[in-house]
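Subject: Structure handover

Hello,

Please find the structure we spoke about below. My notes come after it.

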Amino acid sequence: MTSKTSLAKSLALAGVIAASLASLPAFAGECPADQAGVNALDGRATEPSGVTATVLGMIDVAKEPAAIEGRQFRMRELVIAPGGIVPFHSHADRPALIYVVKGEVTEYSSDCLVPIVHKAGEVSRETAVVSHWWKNAGSEPVVLISADLLHDESDANTM
């Protein structure tokens, strides 16, 4: 096989792989790539309803090798009743990972033009660019485990 033939086959294979990757959907529980954009979230929920948060544990990160002053590594269980709402809040100063243990919950995010459905077994990554609110539109309670780096325990955005 000549080097031209080999190069042509390699380029063709690279094109097939690139086309396949471009057509993949977003990961489960993420905004579809073609729906990413600024969402003003008109009509956003601003008051909690039917949600309980229980702190399962906290670590003062300043006392750990990471030595991050003024931060608590916190883990909570949130239970959202049917029709319940986690109100609009920001993650500008509090990154979090949310694991959906049970149920299905809908997120309305500032960086997605359509609602995002999160199902049991999925993880939502909440970063500084995210402002959002969540609603349980189902008939069963939703159970979440939230792990975050809390900065200020009196922060109104800690839901």
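Predicted model: local features only at pLDDT ≥ 70, side-chain atom pairs only at ≥ 80, totals over all residues.

Residues are numbered from 1 along each chain as its sequence is written, and side-chain values use heavy atoms, with hydrogens and water left out.

Disulfide

The structure holds one disulfide (a pair of cysteine sulfur atoms within 2.5 Å). Its partners are cysteine 31 and cysteine 112, with an S to S distance of 2.1 Å. The link is right-handed, with 80 degrees about the S-S bond. It connects distant parts of the chain, 81 residues apart: cysteine 31 sits in the loop between helix H1 (3-22) and strand S1 (49-60), and cysteine 112 in the loop between strand S4 (104-109) and S5. Helices (H or I, at least four residues) and strands (E, at least two) are DSSP runs, numbered from the N terminus. Cysteine 31 counts as buried at 19% relative accessibility, and cysteine 112 does at 0%. Buried means under 20% relative accessible area, exposed over 50%, and partly exposed in between (1.4 Å probe, protein chains only).

Histidine 118

Histidine 118 belongs to strand S5 (residues 116-119) and is buried, with a relative accessible area of 1%. Its side chain makes a polar contact with the side chain of glutamate 107 at 2.6 Å (a pair of N or O atoms within 3.5 Å; within protein, one must be able to donate a hydrogen and the other to accept it, and residues adjacent in sequence count only if both atoms are side-chain atoms). Beyond four places in sequence, the contacts of histidine 118 (heavy atoms within 4.5 Å) include Gly29, Val100, Val105 and Trp134.

Nonpolar core

Val100, Val105 and Trp134 are also among the eleven residues of the largest nonpolar core. Strands S2 (72-90), S3 (96-102) and S8 (142-150) each give two or more residues to this core. A nonpolar core is a set of buried Ala, Val, Leu, Ile, Met, Phe, Trp, Tyr and Cys residues joined through side-chain atoms within 4.5 Å.

Leucine 41 lies in the loop between H1 and S1 and is buried at 6% relative accessibility. Alanine 67 lies in the loop between S1 and S2 and is partly exposed at 45%.

Regards
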